[in-house]
Amino acid sequence: MSFDSCTHAILNSGICVLPTETVYGLACSALSKAAIEKVFSLKGRPSNNPLIVHVLNHDSANEFCVTNDFSKKLSDFFWPGALTLVLPKRKCIPIEITAGLNTVAIRSPTHPTFRKVLNFVKLPIAAPSANPSNKISPTKYQDVLDAFGEDCPPIIDGGQCEIGIESTVLDLTTQTPSILRLGPITKDEIEAVLKIQIQNKALYTKKHIVSPIKSPGLGSKHYAPDTPLHLHSTFKSMISSKFIGENDVVILPKDKVYNGQFKTNIPILFLSTSNNHEETAKYLYGILREADKLNREKIHISLYSTHNESFNAINDRLTRASTKRI
Ligand code: TXA
Ligand code: MG
């Protein structure tokens, strides 16, 4: 039933919600201006923030953008997967998708349901994350329902998203490729495939985020819960912090030993059962939502040590979600 209503929507300039392996996407035909307008309107997304187009493979990508050797190598290795490539767009892609840019962001998702829909509709599918602009991306069916309520378009329930954070966005339109959004696929992994050094324009700093002008949607305020999120530099500094009040909630990485330093009755949530970056990313947005639903005064969480490059994307999301750095 939901498969039929979703494919019907896409084929008729409507919108629907599809699961991907990263986060749920608010999907429509990438060739329908009317549908694209509905996506922007339901998300409350500024029109200067371009959408990602989803396709089955590199050959199909080549119909919508000008592919090159780098995109071929990367797609051979990482597609289907959580790597979005920015390439010069072809005429058939409306500028409403690209927010007036002459480039388009394109990726091939792994999720079998999304691929089944792509196969059925035989259209490129535009899909930003299925959340109101600047809010936390949905990683479960219920998150989407909670976000859009009565206005929610048809959804296909694909369960919990396996990866849990948005794809890496890589700009291939400059001589040296550059990462515009940190994500599940790291700089090292991309460099190993291309056998050259690439740039990282998505670096966050301790005080503020360096926002790449080339990617208008990557502003510093993003992925935010309603409750103010206070981000501590380290787990150690957080557990002894004087800023934690009795009406707050604390999120801890499970691997650390908790000795009960916090004030009694403070709710404590654990992010994962290990210090595994994949598990941490998978449940990151879910735990932020859970903390938000407790309606406490503040949420406290700490940055991960980045000895493992894979935690950079998690720290990036935490930094964007935070209202205050401690
Ligand atoms: O994992 C994902 O990428 C998810 C799933 C649904 O595929 N989608 C997603 O879409 O995160 P969205 O719209 O929330 O984020 C797309 C990001 C935005 O930050 C946007 O600015 C950037 O990609 N982007 C899109 N087109 C671009 C372009 N032509 N040049 C530079 N950045 C672009
Ligand atoms: Mg988004």
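This is a predicted model: local features need pLDDT of at least 70, side-chain atom pairs count only at pLDDT 80 or more; totals for chains, interfaces and linings use all residues.
Trainee: What makes the radius of gyration of the protein agree with that of a compact globule?
Mentor: The rule, applied to C-alpha atoms, is 2.2 Å times the number of residues to the power 0.38. For 326 residues a compact globule would have a value near 20 Å, and the protein has 20 Å, so the two agree. Along its principal axes, the C-alpha trace spans about 60 × 50 × 30 Å.

Trainee: How many residues of helix 11 are buried?
Mentor: A residue is buried when its relative accessible area is under 20% (1.4 Å probe, protein chains only). In helix 11 (residues 311-321), 11 of its 11 residues are buried, and the helix is therefore described as mostly covered. Among them are Phe-311, Ile-314 and Leu-318. For the whole protein, 56% of the 326 residues count as buried.

Trainee: What covers the buried residues of helix 11?
Mentor: The cover, judged by contact (heavy atoms within 4.5 Å), includes helix 10 (277-293), strand 8 (178-181) and strand 13 (299-302).

Trainee: Which are the edge strands of the open sheet of 9 strands?
Mentor: Two strands pair if DSSP finds at least two bridges between them. The sheet has the order 1-2-6-3-5-4-7-8-9, with mixed pairing. Strand 1 (16-18) and strand 9 (199-200) are its edge strands, since each pairs on one side only.

Trainee: How do you know that strand 4 and strand 7 pair?
Mentor: Strand 4 (residues 83-88) and strand 7 (residues 168-171) are joined by 4 bridges and run parallel; at least two are required, so they pair. Leu-85 stands opposite Leu-170 in strand 7.

Trainee: What makes both faces of strand 11 count as covered?
Mentor: In strand 11 (residues 249-252), Val-249 and Ile-251 on one side and Val-250 and Leu-252 on the other are all buried. Strand 11 also pairs in the parallel sense with strand 13 over 2 bridges, where Ile-299 is the bridge partner of Val-249. To strand 12 (residues 268-270), which runs parallel, strand 11 is joined by 3 bridges.

Terms used: Residues are numbered from 1 along each chain as its sequence is written. Chains are lettered from A and ligands numbered from 1 in the order in which they are written. Side-chain values use heavy atoms; hydrogens and water are left out. Buried means under 20% relative accessible area, exposed over 50%, partly exposed in between (1.4 Å probe, protein chains only).
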